[in-house]
Amino acid sequence: MLVQLRTRFEAYRLYLLMEFGIGVCLGMAFATVVVYRVEDAHLSPLDLVLLGTVLETAYFVLQLPTGVLADAVSRRLSIVVGIAVLGGAFVMEGLLPFFLGIAAAQVVCALGFALVTGAQEAWIADEVGQKGLTRVYLRGSQAGLVGTLLGTVMSAGVATIGHHLPLIFAGAALVVIAGLLFLTMPETRRADAAGEADPDTKAAEPKGMWRNAMDSLGTVARLIRTGPGVLVVLTVVLVIGVWHESLDRLWGAHFLENYSFPDLLGLNSVAWFSVMSFGATLFGLGATQVVNKYVDDATASRTTLRMLFVLITLLMGTTFLFAFAGAFYLALVAYWAAMALRPSYAPLLNAWLMERTTERARATMLSAKDMFDSTGQFAGGPVVGYVGSAVSLRAALATAAAALAPALALLGYAMSRRVAQPAEPAAPHPEGRTGLEVGQ
């Protein structure tokens, strides 16, 4: 038992280190990527949104197959390959400063994200067990945010040499991380499954993989059809996708077009974007800590929808303020507030869905969630982008804020119908273990 607890704690620690390392790379790549795309690649507001549409369309197509593959074959392998592919995509974008080149890089990026997301959360759920899972996800989010802070600072220095260099350095670092994970990352679930398998069935392994894949798809389809609140929550994810796609693609252009950067300590536009990204990440770290403080895993099923309702209400208000703020510093505060709240809802959603999904279908369920998110992004993003080009960026951001209203209505409906309880008890951990309490 002590060996099992130590193994799970080591997996948890590796999960935090992985989140931190990926956070460093994402912070480095994304802190100044808007400057690279606007000033080096000369992309318009519509171009920026169309990049997101390309990314999300490819992500939508790839997400479910990669999730099923992770469940049927190996979540560990899916994560390792995905991180390496993501690194290659960053290098590709940094070397191709024009729309078609960056768009092609987005397709590769989508494959990397599709391989990692879902598989990563499902892997750690298997390794540490069900109990304390919400806190595990929140701690992982915080580790990623701390890494993003460091990456943002690094990006500011590197981008002064060349706007494309943060992408190239971050991509190379991700490939190194993938290699280290290949050497050190455990996979208890896969090992247990192999131990239970008949040693004479190696020739029939593809057939077994196909059967596992179909079982995962069937489980998720049944839960979406009949699970209390699952379809409602997935539809909320779709609506949120419209909002964050619009904000991701337009916030930088909004600052560049509608505000003059203050002459503070000699900061240029690249340095200001690093400051803005740093502040957003720092406040996001604080927001997740507040959410973590009030999360009680024993009552998470009853409180998650209520917490989501509050978070989305605040997101709507801060986005409206960001759209119509007349002064730079007011817009900065509103942007920081919206971005600070953003990292808090994904861990809640993931844990809520994991409580309602059997162990073998976890990555597939999270892939289904991300497909709803992608649908919102590639369906709503171009509409908001068109508003930005035809009317104004302020109108486009206000449209994105208004898009959150249906999410509030759906959550209100879900709470009134009391669908917050799990549809079925969570599958017990192997050998009757309830999991390791971590991240307290």
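At what angle do the axes of helix α6 (residues 119-128) and helix α7 (residues 133-159) cross, and within what distance do they come? In this predicted model, the two axes cross at roughly 130 degrees and come within 11 Å. That angle makes α6 oblique to α7, and α6 passes α7 in a right-handed crossing.

**Helix α6 and its surroundings**

On the α6 side, the residues that meet α7 are E121, I124, A125 and V128. Their counterparts in α7 are L133, V136 and Y137. By class, the residues of this contact divide into six nonpolar, no polar and one charged. Helix α6 is largely enclosed by the rest of the structure, because ten of its ten residues are buried.

**The chain as a whole**

The chain holds 17 helices and zero strands. Of its 440 residues, 57% count as buried. Among contacts between residues at least 6 apart in sequence, 88% join residues at least 24 apart.

The largest nonpolar core has 111 residues, and those that touch the most other members are M18, I83, W123, W251, F255, F322 and Y335. Helix α14 (residues 328-354) gives the most to this core, with 16 residues.

W251 can be followed through its contacts. With neighbours within four places in sequence left aside, W251 is in contact with V34, F273, M276, S277, F322 and Y335.

Two packed helices are described by the angle between their axes and the distance between the axes. The table gives these values for two further pairs.

| Helix pair | Angle between axes | Distance between axes |
|---|---|---|
| α3 (residues 45-72) and α11 (residues 230-258) | about 160 degrees | 9 Å |
| α2 (residues 33-40) and α4 (residues 75-95) | about 30 degrees | 11 Å |

The angle of about 160 degrees between α3 and α11 makes α3 roughly antiparallel to α11. The crossing of these two helices is right-handed. From α3, the contact is made by P45, L48, V49, G52, T53, L55 and E56, and from α11 by E245, R249, L250, A253 and E257. Sorted by class, the contact of α3 with α11 has six nonpolar, two polar and four charged residues.

Helices α2 and α4, with an angle of about 30 degrees, are therefore roughly parallel to each other. Here the crossing is left-handed. V33, Y36 and R37 of α2 make the contact with E93, G94 and L95 of α4. The contact of α2 with α4 has three nonpolar, one polar and two charged residues.

**Individual residues**

R37 lies in helix α2 and takes part in the contact of α2 with α4. At 8% relative accessibility, R37 counts as buried, because the limit for a buried residue is under 20%. Not counting residues up to four places away in sequence, R37 touches H42, L43, L48, L51, E93, I102, Q106 and R249. Among these, L48 and R249 also belong to the contact between α3 and α11, while E93 belongs to the α4 side of the contact with α2.

H42, one of the residues touched by R37, is found in the loop between α2 and α3. Is H42 buried or exposed? At 61% relative accessibility, H42 counts as exposed. Most residues other than glycine have a negative phi. H42 is not a glycine, yet its phi is positive, at about 55 degrees.

I22 has its place in helix α1 (residues 2-30). Its relative accessibility of 11% means that I22 counts as buried. Which residues does I22 contact, leaving aside its neighbours within four places in sequence? They are I83, Q120, L174 and I177. I22 and G87 are 65 residues apart along the chain, and their C-alpha atoms are separated by 10.0 Å.

Notes: Residues numbered from 1 in each chain as written. Predicted model: local features only at pLDDT ≥ 70, side-chain atom pairs only at ≥ 80, totals over all residues. Heavy atoms only, no water. Core = buried A, V, L, I, M, F, W, Y, C linked by side-chain atoms within 4.5 Å. Buried < 20%, exposed > 50% of the residue type's maximum accessible area, 1.4 Å probe, protein only. Helix = DSSP H or I, 4+ residues; strand = E, 2+ residues; numbered from the N terminus. Contact = heavy atoms within 4.5 Å. Axes fitted to C-alpha atoms, helices over the stretch in contact; angles between N-to-C directions. Parallel < 35°, antiparallel > 145°, perpendicular 65-115°, else oblique. Left-handed = near helix turned anticlockwise from the far one by under 90°. Nonpolar A, V, L, I, M, F, W, Y, C, P; charged D, E, K, R; others polar.
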